[in-house]
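Try each task yourself before you read the solution.

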Amino acid sequence: MNDHVIDCCSLINLYAGWGGLKELRDFRRTWHICVAVLNEAEFTREFGPDGPPQMVPLDMNALTQLGLWLPARPETEREIEDYVNFATEVDDGEAQALAIAKHRGFVLLTDDRKAVKVAQRPDVAVRTTSTPNILQSWGQLDPGNEARLHEVVGRIAVLARFSPHKDSPDYAWWRRYFQA
Amino acid sequence: MKYESIDIAGLAERLTAARKAANVTQEAAANHLNMSRPTYIAMEKAARRPKPDELVKLAELYKEPLNKLLRSDPRPQQMRPHLRSILDVSSDGGQELEAAVALLSAYIDDYQYLERLVNTNAASHFPPSVRIAPGPIKRFAEHCAQEERARLNLGAHQPITTPRKVLEEAGLHVFVDKLDSNLAGLYVFVPGFGYCILVNRAHPRERRHWTIAHEYGHFLADRDRPGVDYLKPMQRKPEGERFADAFAAAFLMPEAGVQRRFYEEVERTRDFKVGDLCRMADYFGVSLMAMALRLESLGLIPRGSWDRISESRVPVRALKQEAGIYSSHDDDSVEPYPQRYKLLAVQAFVDEKITEGQLAKLLRCSRIQAREIVEQCSETADDGDGTQSLVPLSLTHSLLSDIAG
């Protein structure tokens with residue numbers, strides 16, 4: 001399955017790590033993003049010229065126009081029904097992503113522990129992947145990518161303030177590349 | 001949880017509140033859903049559950065997160081009618097006040113939601129309310145302020161450098177957010193939850209301190225009556241306002257402390273100058289005007305002193321700078337919600353009861369800022385190999401359970 005739907009938290013992580021998202025094109029996958037995520041102006045951070053990291057607004061429309069992903073919204077009756085069901089538990093962006101992933105068989109890219117917990121329930125059964133998983137795959141695509149992993153993981157940890165949870169199977173891998 | 005199990009009465013109330021906040025008529029909402037107005041009204045009256053696609057359309061129309069409309073509350077606290085009465089009694093109403101009421105409503109709603117998620121309740125042992133005694137109101141307010149300072153272990157002389165923190169620890173819920181510049185603050189008592197104050201972030205620190213103390217005076221004297229305070233004083237103040245003003249002055253600038261400080265200065269220099277007034281105002285964390293009027297009312301400087309200072313038209317900032325006092329620009333560091341609210345949000349996130357998106361919305365910040373707040377509320381622990389990792393604090397963990405076991 002090559003279709004992935006990206007949740008907001010992972011989008012911020014990958015943007016901060018790569019300093020953009022054009023690396024998504026390196027994968028032979030189709031990326032989707034929910035309109036609820038597109039409609040929420042979010043921020044990432046970038047190192048300032050001489051000082052501490054600065055907040056940078058993410059221009060979601062500009063990123064969409066680059067053709068990195070396809071905007072998606074729940075459309076069928078079943079998708080809308082499940083979107084509303086999921087929205088009783090998680091935020092709108094995560095709820096849309098879960099509904100779309102469930103009904104279209106997409107993989108959900110998220111680093112949110114509660115969203116993963118919902119996705120793994122037997123009645124939902126959505127396959128998930130994470131920022132560390134994506135970076136591992138990206139590192140295997142090209143030796144040059146592998147060489148950049150220290151830098152990319154470090155940028156995510158420092159700029160996006162993200163590290164996998166200590167209980168995550170990716171925690172040990174992450175620690176190989178970044179230690180506080 | 002399934003949508004069908006969401007309490008329909010609570011949902012209907014949230015839909016109604018969201019429509020009003022979005023300034024949408026029932027007619028327009030009905031048209032948006034391509035249904036008759038009576039059918040739409042049936043949804044607001046909890047007689048008809050909206051279909052999922054209708055709910056999605058309404059959330060978009062009202063620009064309200066679907067997740068918030070679907071909070072699994074039993075019926076939300078009847079808080080809004082209390083706040084609505086502010087609008088009813090206020091002749092100066094208007095959109096600014098409507099916006100402030102909506103802001104405070106949202107904070108209270110979120111706070112109650114977090115309390116339910118983390119399964120905790122705010123303090124409910126409040127000081128008994130006071131009945132304003134006949135006779136000089138200022139003397140009575142002075143007495144009440146002394147009693148409250150004693151009850152809160154604030155001493156008889158010391159300034160209260162962080163009145164917000166002191167009163168939050170006493171069980172009040174103090175929110176600080178940007179309001180129209182004419183508004184100083186709002187206050188409301190929500191049964192089963194507590195006394196809530198919304199203070200204007202746009203005002204200087206000294207003014208905010210005054211507003212918090214003033215609203216606390218209202219809490220003591222007339223907590224059942226919600227209200228709004230304006231920057232410009234009313235021409236003829238009712239009894240409750242006069243009490244709250246006098247209480248704020250005595251609470252922030254206790255008579256004994258002011259006199260001690262005043263006579264120390266007079267003894268040292270045989271005089272009391274405008275510069276000394278500036279430094280004393282800074283010491284007690286109040287405005288120059290509040291300090292001057294307090295000294296006047298205690299008979300320490302002549303009546304009309306403040307009038308003469310203000311007539312000189314020298315900006316207060318210039319006077320302060322001349323006295324060596326530089327205002328700190330602390331607006332960015334003032335959090336909009338109480339410390340306890342923040343800790344509850346972090347706890348809910350750490351316990352996986354809310355997602356990162358929900359956390360950021362509850363904390364009114366970006367996701368990265370929300371992650372930083374979680375980090376700040378966590379402790380570092382050694383992993384055993386000399387490296388540090390973050391271990392979120394569990395606020396609900398009992399420190400006495402080991403003893404009990």
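Helices here are DSSP runs of type H or I with at least four residues, strands are E runs of at least two, and both are numbered from the N terminus. Keep in mind that this is a predicted model.

**Exercise 1. Work out how many helices and strands chain A has, and what its overall dimensions say.**

Step 1: Count the elements. Chain A comes out at nine helices and seven strands.

Step 2: Check the radius of gyration. A compact globule of 180 residues would have one near 16 Å, and chain A has 16 Å, so the two agree.

Step 3: Look at the box. Along the principal axes, the C-alpha atoms of chain A fill roughly 50 × 35 × 30 Å.

Step 4: In chain A, 57% of the 180 residues count as buried. Take the contacts between residues at least 6 apart in sequence: 62% of these join residues at least 24 apart.

**Exercise 2. Decide whether helix α1 of chain A is mostly covered or mostly open.**

Step 1: Find residues 8–18 and apply the cut-off: buried means under 20% relative accessible area.

Step 2: Count. Ten of the eleven residues in α1(A) are buried, so by that cut-off the helix is mostly covered. Among them are A:C9, A:I12, A:N13 and A:W18.

Step 3: Step past the end of the helix. Just after α1(A), A:G19 has a positive phi of about 75°.

**Exercise 3. Find what B:R371 touches, leaving out residues up to four places away in sequence.**

Step 1: Locate B:R371 in helix α19 of chain B, residues 367–376.

Step 2: Check its cover. The relative accessible area of B:R371 is 6%, so this arginine is buried.

Step 3: List the partners. B:R371 touches A:C9, A:I12, A:N13, A:A160, A:R161 and A:F162 in chain A, plus B:E356 in chain B.

Step 4: The complex gets an ipTM of 0.95 and a pTM of 0.88, while chain B averages a pLDDT of 85.

**Exercise 4. Is A:A157 buried or exposed, and which residues does A:A157 touch?**

Step 1: A:A157 sits in helix α8 of chain A, residues 143–159.

Step 2: Its relative accessibility is 7%, so A:A157 counts as buried.

Step 3: Beyond four places in sequence, A:A157 touches A:F162, A:S163, A:W174 and A:F178. A:F178 is 21 residues away in sequence, with a C-alpha to C-alpha distance of 7.6 Å.

Key
Residues numbered from 1 in each chain as written. Chains lettered and ligands numbered in written order. Predicted model: local features only at pLDDT ≥ 70, side-chain atom pairs only at ≥ 80, totals over all residues. Heavy atoms only, no water. Rg over C-alpha atoms; globule rule 2.2 N^0.38 Å. Buried < 20%, exposed > 50% of the residue type's maximum accessible area, 1.4 Å probe, protein only. Contact = heavy atoms within 4.5 Å. pLDDT = per-residue confidence, 0-100.
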